[in-house]
Amino acid sequence: RAGRAVSRHDAGRYLCRATNRHGAAVRSVTVTVECERGRRAGGRQAGARCPRPPVSCSKPGAPPQPPWTPNVTRAHAGTYLCQASNSRGTARRNVSVTVDFGPAAVTLRALPSALVPLGSSFRLECGAEGSPPPSFSWELPPAPNLRLGPHNRSVAVAGALGANRGLYSCSAGNQHGRVVATVSVRVLESRPGLGATLGALGVLLAALAALGGLQLKRSSGRRGDYNVREAEGAAQRPHNKGEPPEGCGIQLGPP
């Protein structure tokens, strides 16, 4: 019918009959409806025939390429502009392509350092690329002061103990694979400072000097070690007349 919008459902076999007083004539006609791109088209339905136009897709700034490739890499991910054309028109559409891959570029860092002073705090951070995003798990030394961060991507240690030394392993994985990274942490024992050591040495030298200044001298002129108690006893014992008493004296010499 003239003026009516044609759809693909109008396609098919039509039987036309013409009659007048002299008789009738019948003829069948097959109608094919060509589909414009942008309408729902594809396959055969009620005799409709919608030829599939050629399709080209390309990333912005790259030359056109077919919508498939035998060797898919991570570089194929991104947004493509696809275009289809036939004699009835052209249609364009953006298509987002995601490429799945296993964990890659796994990193494990000890901050601020893997050499940790006793009692200080440190943390370990684990990272990895992957599609879908990988999940993280850890193998840690048995210590009571460990705390996991959001999504298990980090481990915080407050007040490092001797039990915190050892290997820390981070495992990143998804359905396409799993990768493990490790780092060795050393906890340094505390040692006295140089100033404290020199101070203790100074006190010891002063004590030795004071002891060295105490000199004992016998009246007989003999030099050597002398017992103070024996000297006091000798001073109190009687002595013969005409003989000089044997005594002792304590002489403090210069330091």
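## Report on a predicted model

Buried residues, meaning those under 20% relative accessible area with a 1.4 Å probe and protein chains only, make up 22% of the 255 residues in the protein. This is a predicted model, in which local features need pLDDT of at least 70 and side-chain atom pairs count only at pLDDT 80 or more, while totals for chains, interfaces and linings use all residues. Residues are numbered from 1 along each chain as its sequence is written, and side-chain values use heavy atoms, with hydrogens and water left out.

The table gathers values for the protein as a whole.

| Property | Value |
|---|---|
| Helices and strands | two helices and 15 strands |
| Accessible surface | about 18700 Å², 54% of it from carbon and sulfur atoms |
| Contacts with a separation of 6 or more | 50% from residues 24 or more positions apart |

Helices (H or I, at least four residues) and strands (E, at least two) are DSSP runs numbered from the N terminus, and contact means heavy atoms within 4.5 Å.

An open sheet is formed by three strands in the order β3-β4-β5, with antiparallel pairing, where two strands pair if DSSP finds at least two bridges between them. Because β3 (55-58) and β5 (89-97) stand at the edges with a single partner strand each, one side of each is left without a neighbour in the sheet. Strand β4 (residues 78-86) is joined to β5 by nine bridges, and Ser85 has Thr90 in β5 as its bridge partner.

Elsewhere, Ser169 lies in strand β12 (residues 166-174) and counts as buried because its relative accessibility is 14%. Leaving aside residues up to four places away in sequence, Ser169 touches Ser137, Trp138, Glu139, Val180, Ala181 and Thr182.

Key
Buried < 20%, exposed > 50% of the residue type's maximum accessible area, 1.4 Å probe, protein only. Areas by Shrake-Rupley, 256 points an atom, 1.4 Å probe, with all protein chains shown as cover.
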